[in-house]
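User: I have a model open and would like to learn how to read it. Can we go through it feature by feature?

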Amino acid sequence: MTTTLTDRYIDAVVRTVPEDQRGDVGAELRASVADQIDARIEQGEEPGAAERAVLLALGDPDKLAADYIGRQLYLIGPRYYLEWWRLVKLLLWIVVPLGAFGIALGQSLAGAGLGAIIGSTVGGAISIAVHLFFWTALVFALIERAESAGTARGTLQPWSLERLPPENPYSGARFVDMIVNVVFLLIAAAALVWDQLVGAVYLDGRWISLLDPTLWPWWIGGLLLVMAIDAVLNVIVYLNGRWTVPLAAFNAILDIVVAVPAIWLLSQDRLLNREFWFAVIPAADAEKVYTILSLLTGFSIAGIAIWSSIDAFLKARRAR
Amino acid sequence: MSETDFLETHLQELRRGTVVLACLRLLAEPGYGYGLLEQLQERGFDTDANTLYPLLRRLEKQGHLTSEWNTDEARPRKFYRTSAAGRRLAASLTDDFQAIAAALAALPAED
């Protein structure tokens, strides 16, 4: 017996139908296809052409089989798409920056070169993001299928009015924000000046500074100037009532103006006071601990600057 | 998308439920896949075979149709018939459709 196109088509359909319905679906479809072909032949069509036309009209066998057994032809349908997308956005915001930061810190501590650090950080961040997309999509695709097998309907967590975005999101431009920031800047400025002019710590009968004493007066003076501008910026934001994109951009420039020279000085071993740190660290490990300490300082400076910049832009966006 | 594409999409959405209703009403008399397809087309319900066949199966699964294989003829065919639940569903759908038709008729005139 030769295999006809119809046989092959029906085989292709029932292949993905559950075992117990296969015979029934196949037999019914075979009769229906034969009826349709006969009708076309009656109207004068050539049998081969009639068969082709009927099968072509029925379309992709996998699609027909999915219609027969009610299998959905998507990974995540409209019912769960929004839940999934909210979760992905949240996770991307949290996990990717933390992961990238961790990779960069780990690579630096392990003594990797700058190229290797950037390479593995970017590569790591991309791979974390891809993993987030993949695994959340997999979980939601499984939920989608588990639910359609059962009877439950509706989203995971029904939407309610309580989930509306807050009317007055935290603006970061309240009076108390301004005061806290300005007071913090004043304390920091006083600490810097004290550290340079007197020394922060009393050790072995003399005062000694944490930061390299040669930073005084020009480097520290420059920093104090930038901090003064930052204080003014905070007042402007308060008076303006909210962060705007230009203000956030200015804030980002201030962050860069502080962080880039600080990290450069650190890389030249001109930021921290070597004398002090070697005095407090046990001699045997001093060089190693000092290197790690420098790296941690550098990453903290970079982390704080990046966070401060992003935070201001986020507040500007929320305030729109 | 062209204007005819839009028209096609909207017509499809408008007609979606009517095929179900037509099947439930026509299958008061037992019928089989292709026979029903022809009947639907004769009566002005433009339906594709690959929509109708799975639909019959789904309605059967929901208990709105019952089925029986007829092996008396040379070509065995699966015959469907509207069940009691199917008749109740058809009555509800018909009522609703008439309500919609009345509501449409009561809309402001096109001109």
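User: Which residues in α7(A) meet which residues in α8(A)?

Analyst: First, a caution: this is a predicted model. Now the contact. From α7(A) come Phe175(A), Met178(A), Asn181(A), Val182(A), Leu185(A), Ala188(A), Ala189(A), Leu192(A) and Gln196(A). They meet Ile220(A), Leu223(A), Leu224(A), Met227(A), Asp230(A), Ala231(A), Asn234(A), Val235(A) and Tyr238(A) of α8(A). Sorted by class, this contact has 14 nonpolar, three polar and one charged residues.

User: How do I describe the way two such helices pack?

Analyst: Two packed helices are described by the angle between their axes and by the distance between those axes. Here, α7 covers residues 175-197 of chain A and α8 covers residues 218-240. Their axes come within 9 Å and cross at roughly 170°. Angles over 145 degrees count as roughly antiparallel. α7(A) and α8(A) are therefore roughly antiparallel to each other.

User: Which residues of α9(A) are buried, and what covers them?

Analyst: The buried ones are Leu247(A), Ala248(A), Asn251(A) and Asp255(A). Their cover includes α8 and α11 (286-318) of chain A. Asp269(A) follows α9(A) and has a positive phi, near 60°.

User: Where do the buried residues of α1(A) sit around its axis?

Analyst: Start with the list. In α1(A), residues 5-14, the buried residues are Tyr9(A), Ile10(A), Val13(A) and Val14(A). They cover an arc of only 125° around the axis, so they lie on the same side of α1(A). The face turned away from that buried side carries the exposed residues Arg8(A) and Asp11(A). What covers the buried residues includes α2 (19-42), α3 (47-58) and α4 (61-69) of chain A.

User: What does Gly26(A) touch, beyond its neighbours within four places in sequence?

Analyst: Gly26(A) is in contact with Ile10(A) and Val14(A). Gly26(A) itself belongs to helix α2 of chain A. Gly26(A) and Ile10(A) are 16 residues apart in sequence, and their C-alpha atoms are 6.1 Å apart.

User: Why does Gly26(A) count as partly exposed?

Analyst: Count the neighbours. A residue is buried with 20 or more other C-beta atoms within 10 Å, and exposed with 12 or fewer. Gly26(A) has 16 C-beta neighbours inside 10 Å, so it counts as partly exposed.

User: How many other C-beta atoms does Ile208(A) have within 10 Å?

Analyst: Ile208(A) has 19, so it is partly exposed. Ile208(A) is placed in strand β2 (residues 206-208) of chain A. Leaving out residues up to four places away in sequence, Ile208(A) touches Gly199(A), Val201(A), Leu203(A), Glu275(A) and Phe276(A). The C-alpha atoms of Ile208(A) and Asn273(A) are separated by 8.7 Å, although these residues are 65 apart along the chain.

User: Now step back. What pattern does chain A follow along the sequence?

Analyst: Chain A reads α-α-α-α-α-α-α-β-β-α-α-α-α. That is eleven helices and two strands. Of its 320 residues, 17% count as buried. Take the contacts between residues at least 6 apart in sequence: 70% of them join residues at least 24 apart.

User: And what pattern does chain B follow?

Analyst: Chain B reads α-β-α-α-β-β-α. It has four helices and three strands. Of its 111 residues, 21% count as buried. Among its contacts with a separation of 6 or more, residues 24 or more positions apart account for 45%.

Note on methods
Residues are numbered from 1 along each chain as its sequence is written. Chains are lettered from A and ligands numbered from 1 in the order in which they are written. This is a predicted model: local features need pLDDT of at least 70, side-chain atom pairs count only at pLDDT 80 or more; totals for chains, interfaces and linings use all residues. Axes are lines fitted to C-alpha atoms, for helices over the stretch in contact, and angles run from 0 to 180 degrees between N-to-C directions. Angles under 35 degrees count as roughly parallel, over 145 as roughly antiparallel, 65 to 115 as roughly perpendicular and the rest as oblique. Two residues are in contact if their C-beta atoms, placed from the backbone, lie within 7 Å. Ala, Val, Leu, Ile, Met, Phe, Trp, Tyr, Cys and Pro count as nonpolar, Asp, Glu, Lys and Arg as charged, and the others, Gly among them, as polar. The arc is that of the directions from the helix axis to the C-beta atoms.
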